[in-house]
Amino acid sequence: MLLAPPVLAAAGTLDDMDLRSNVEASIRGTASTANLHLKIRVENKIAIPEGVVRDLNQADEVAELASRVRGIEGVDRKGLVLEFAGPEDGEIASRVARAIFEHY
């Protein structure tokens, strides 16, 4: 009796490579994201874009485009970095508190 060899885990890797290519094409196919220099990884059908984006709206657009690719089950956007980072939470809290105290 002949037994077929088990399928190697590399099959999932090939699927992820195809998904990565599709995510890259989706991001490059939109005018507002075409010029971004992002590294795209896909692991277990999760898209992981990494690199600099102009603002939160552009980060949202990258995540939305990636999530629309057939076969992508989620997007991990932790690797996206804002080009111009805003103030830290503590600084924002201080500004709000100061504005409230000045008003009253």
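Guide: Bearing in mind that this is a predicted model, β1 and β2 pair in the antiparallel sense, and five bridges link them. Within that pairing, V42 has A47 in β2 as its bridge partner.

Visitor: And the turn of that hairpin, which residue takes a positive phi there?

Guide: That is N44, with a phi near 55 degrees, in a hairpin that has two residues between the strands β1 and β2.

Visitor: What about β2 and β3, parallel or antiparallel?

Guide: β2 and β3 (residues 74–75) run parallel and are joined by two bridges, with I46 standing opposite G74 in β3. β2 is also joined to β4 (residues 80–82), again in the parallel sense, through three bridges, and there G51 stands opposite L80.

Visitor: Switching to the core, which residues touch the most other members?

Guide: In the largest nonpolar core, which has 16 residues, those are V23, I27, L38, V53, V62, I72 and L80. At least two residues each come from α1 (10–28), β1 (39–43), β2 (46–53) and α2 (56–67), and α2 gives the most, with four residues.

Visitor: What does V53 touch?

Guide: Leaving aside residues up to four places away in sequence, the contacts of V53 include L36, L38, A59, V62 and L80, as well as Q58 and E83.

Conventions: Residues are numbered from 1 along each chain as its sequence is written. This is a predicted model: local features need pLDDT of at least 70, side-chain atom pairs count only at pLDDT 80 or more; totals for chains, interfaces and linings use all residues. Side-chain values use heavy atoms; hydrogens and water are left out. A nonpolar core is a set of buried Ala, Val, Leu, Ile, Met, Phe, Trp, Tyr and Cys residues joined through side-chain atoms within 4.5 Å. Buried means under 20% relative accessible area, exposed over 50%, partly exposed in between (1.4 Å probe, protein chains only). Contact means heavy atoms within 4.5 Å. Two strands pair if DSSP finds at least two bridges between them.
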